[in-house]
Amino acid sequence: ALYLPTGTDKSLDGKVHFVFKKVAVVERFFDIIYSVHVESSGETQLRGRAGKHCGQKRTYRAIADQYAFIPREAISRFLLYCTECQRKQPPNQGIPAKKPKLTTDQQLTVEVQSLKPL
């Protein structure tokens with residue numbers, strides 16, 4: 001795993017040391033987002049912000065606490081196709097659905113991987 005220094009922190013004894021985040025690579029975007037947004041394991045639940053299907057902002061914040069270089073757009077696209085979140089939405093209030101819902105992780109993986117930089 002690659003790590004990136006993202007700041008500094010002072011320990012109790014007054015020493016300053018770097019704070020690191022894991023670098024999110026495109027091939028792992030789906031797994032990272034899924035683990036925070038759907039599974040909500042103890043490893044990814046940071047400061048009480050992550051939770052099952054907690055929404056775009058909270059999912060992004062929980063991921064950004066741990067990982068560097070994961071675009072908000074990847075999370076937004078993931079949530080567009082999250083069937084559980086779509087069920088929670090109020091009925092279509094005159095706004096046409098932008099994209100059809102996907103039902104399998106493989107189809108969603110293809111969509112998230114389409115975010116690769118050119």
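What follows is a chat about a predicted model and the contacts between its side chains.

Colleague: Let's start inside: how many residues are in the largest nonpolar core, and which have the most contacts there?

Modeller: In this predicted model, the largest nonpolar core has 16 residues, and those with the most contacts inside it are Ala24, Phe29, Ile32, Ile33, Ile63, Ile70 and Phe78. As background, nonpolar side chains in soluble globular proteins tend to be buried together.

Colleague: Which helices supply at least two residues of this core?

Modeller: Helices α1 (29-39), α2 (56-66) and α3 (72-80) each supply at least two, and α1 gives the most, with six residues.

Colleague: Staying with α3, which of its residues are buried, and where do they sit around the axis?

Modeller: The buried residues in α3 are Ala74, Ile75, Phe78 and Leu79. They cover an arc of only 130° around the axis, so they lie on the same side of α3.

Colleague: Changing topic, how many aromatic pairs does the count come to?

Modeller: The count comes to three aromatic pairs. In one of them, the rings of Phe18 and Phe20 have their centres 6.2 Å apart and their planes at 55°, so that pair is tilted. Phe18 is exposed, with a relative accessible area of 55%, while Phe20 is partly exposed at 48%.

Colleague: And what about Phe30 and Phe78?

Modeller: Phe30 and Phe78 also form a tilted pair, with 5.7 Å from centre to centre and 50° between the planes. This pair links distant parts of the chain, since Phe30 is in helix α1 and Phe78 is in helix α3, 48 residues apart.

Colleague: Which residue lies over the face of Tyr60?

Modeller: That is Arg72, which lies at 3.9 Å from the ring centre of Tyr60. Tyr60 is also in contact with Pro71, and so is Phe29, leaving aside the neighbours of Pro71 within four places in sequence.

Colleague: Where is Pro71 found?

Modeller: Pro71 is in the loop between β3 (67-68) and α3, and with a relative accessible area of 32% it is partly exposed. Phe69 has its place in the loop between β3 and α3 as well, but Phe69 counts as exposed, at 58% relative accessibility.

Colleague: What is the phi of Phe69?

Modeller: Phe69 has a positive phi of about 70°, although it is not a glycine. For context, most residues other than glycine have a negative phi.

Colleague: Now the charges: how many salt bridges does the count come to?

Modeller: The count comes to three salt bridges. The side chains of Arg28 and Asp31 meet in one of them, at 3.3 Å from N to O, and Arg28 and Asp31 each count as partly exposed at 39% relative accessibility.

Colleague: What does Arg77 pair with, and how far apart are the two along the helix?

Modeller: Arg77 forms a salt bridge with Glu73, with the closest N and O atoms 3.1 Å apart. Because they are four residues apart in helix α3, Arg77 and Glu73 are separated by about one helical turn.

Colleague: And Arg87?

Modeller: Arg87 forms a salt bridge with Glu84, with the closest N and O atoms 2.8 Å apart. Both lie in helix α4 (residues 83-88), three residues apart, which is about one turn of the helix. Arg87 is exposed, with a relative accessible area of 59%, whereas Glu84 is partly exposed at 30%.

Notes
Residues are numbered from 1 along each chain as its sequence is written. This is a predicted model: local features need pLDDT of at least 70, side-chain atom pairs count only at pLDDT 80 or more; totals for chains, interfaces and linings use all residues. Side-chain values use heavy atoms; hydrogens and water are left out. A nonpolar core is a set of buried Ala, Val, Leu, Ile, Met, Phe, Trp, Tyr and Cys residues joined through side-chain atoms within 4.5 Å. Buried means under 20% relative accessible area, exposed over 50%, partly exposed in between (1.4 Å probe, protein chains only). Rings of Phe, Tyr and Trp (its six-membered ring) pair if their centres lie within 6.5 Å; planes under 30 degrees apart count as stacked, over 60 as edge-to-face and the rest as tilted. A charge sits over a ring if NZ of Lys or CZ of Arg is within 6 Å of the ring centre and within 35 degrees of the ring normal. Contact means heavy atoms within 4.5 Å. The arc is that of the directions from the helix axis to the C-beta atoms. A salt bridge is a side-chain nitrogen of Lys or Arg within 4 Å of a carboxyl oxygen of Asp or Glu.
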